Amino acid sequence: MSKAGTQILTLEGLRFDANLGILEHEKQAPQPIRVDAELNLGTQPLLPHDDDITHVLDYRKVRRIIIDECTAEHVNLLESLIGKLAHRLMQLPGVLGVRVRIAKLEIFDDCEVAIRVETGQW
């Protein structure tokens, strides 16, 4: 029986308002976005040596970082925001790779617009 496996921490469908965009109405008020993130934590034991939250990457912290990075200031471009967020998530301890997707939910009536970035090891 295998004693280890690749562990991926995933947050999907995180929705909140962010100050993002170049259009006048986007500069006047925040707009809803959705963030999906995957963090590659590499090979981890299937059975951790204890059940202590301090020995794993706390997903509450990851969620808070995503919200804080995306709401810290007005950003003109989705490309700038996602790059900043991916860079920040890569700095977390034990993270080998990051996949992140940010969608603007209300920019068009007939579709959502999103950008996805993958960095690090996968």
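Student: Where does leucine 23 sit?
Tutor: Leucine 23 is in the loop between strand 1 (4-18) and helix 1 (24-28). Helices (H or I, at least four residues) and strands (E, at least two) are DSSP runs, numbered from the N terminus. This is a predicted model: local features need pLDDT of at least 70, side-chain atom pairs count only at pLDDT 80 or more, and totals for chains, interfaces and linings use all residues. Residues are numbered from 1 along each chain as its sequence is written, and side-chain values use heavy atoms, with hydrogens and water left out.

Student: Why does leucine 23 count as partly exposed?
Tutor: Because its relative accessibility is 40%. Buried means under 20% relative accessible area, exposed over 50%, and partly exposed in between (1.4 Å probe, protein chains only).

Student: And aspartate 51, buried or exposed?
Tutor: Exposed, with a relative accessible area of 82%. Aspartate 51 is in the loop between strand 2 and helix 2 (59-71).

Student: New topic. What pattern does the chain follow along the sequence?
Tutor: The pattern is β-α-β-α-α-β-β. That comes to three helices and four strands. Of the 122 residues in the chain, 34% are buried.

Student: How many salt bridges are there?
Tutor: The count is eleven. A salt bridge is a side-chain nitrogen of Lys or Arg within 4 Å of a carboxyl oxygen of Asp or Glu. Side chains of opposite charge can pair when their charged atoms come close.

Student: Which residue does arginine 99 form a salt bridge with?
Tutor: Glutamate 118, with the closest N and O atoms 2.9 Å apart. Arginine 99 lies in strand 3 (residues 97-104) and glutamate 118 in strand 4 (residues 113-120), so the pair ties together parts 19 residues apart in sequence. Glutamate 118 also meets arginine 116 in a salt bridge (3.9 Å, N to O).

Student: What about arginine 34 and aspartate 36, buried or exposed?
Tutor: Arginine 34 and aspartate 36 are both buried. They form a salt bridge too, with the closest N and O atoms 3.6 Å apart. Arg34, Asp36, Arg101 and Glu112 are linked in a network of salt bridges.

Student: Last one. Which residues are linked in that network?
Tutor: Again, Arg34, Asp36, Arg101 and Glu112.
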